[in-house]
Amino acid sequence: MADATSPPEPTCDVDGTCYCPLTGVIDTLSRKYAMQLVSIVGAHDSLRFGEIEAHLTSASSSTISKRLSEFEEAGLVSRTQYNEIPPRVEYALTDDGHEVRERLEPLLQWAEEQP
């Protein structure tokens, strides 16, 4: 009998391939505007919130803010706050964020080719 505190056994495909490590990544990247946001921030060294909004006009401010917070928590985005008046905050992809972006590029290219 499994300990109540131990994680559940991984569920694997018929051929033994286990996709469990993807669960967290897929949960994060499957959210609305997530992949677009990774691409937008990754196309620049760093962006301020207003600049991100200008690139992603179909998303609400609250959605962008929520995704950025989730990405920061997941280690995909860094948030730098400068002690200036008016306050300035910039977002940039971390090394992990850049790797995710590179791996998403073929998927995004494929999606653009679809009718």
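Which residues have the most contacts inside the largest nonpolar core? They are Leu37, Val38, Ile52, Leu56, Ile64, Leu68 and Phe71, in a core of 21 residues, where a nonpolar core is a set of buried Ala, Val, Leu, Ile, Met, Phe, Trp, Tyr and Cys residues joined through side-chain atoms within 4.5 Å, and buried means under 20% relative accessible area with a 1.4 Å probe, protein chains only. The largest share of this core, five residues, comes from H2.

This is a predicted model, in which local features need pLDDT of at least 70 and side-chain atom pairs count only at pLDDT 80 or more, whereas totals for chains, interfaces and linings use all residues. Residues are numbered from 1 along each chain as its sequence is written, and side-chain values use heavy atoms, with hydrogens and water left out.

Leaving aside neighbours within four places in sequence, Leu37 is in contact (heavy atoms within 4.5 Å) with Ile52, Leu56, Ile64, Arg67, Leu68 and Phe71.

The open sheet has three strands in the order E1-E3-E2, with antiparallel pairing; strands are DSSP runs of E with at least two residues, and helices are runs of H or I with at least four, numbered from the N terminus. Strands E1 (47–48) and E2 (77–82) stand at the edges with a single partner strand each, so one side of each is left without a neighbour in the sheet. E1 and E3 pair over two bridges, pairing requiring at least two DSSP bridges, and Arg48 stands opposite Glu90 in E3.

| Class | Lining residues |
|---|---|
| Nonpolar | seven residues |
| Polar | two residues |

Definitions and conventions. Ala, Val, Leu, Ile, Met, Phe, Trp, Tyr, Cys and Pro count as nonpolar, Asp, Glu, Lys and Arg as charged, and the others, Gly among them, as polar. Buried means under 20% relative accessible area, exposed over 50%, partly exposed in between (1.4 Å probe, protein chains only).
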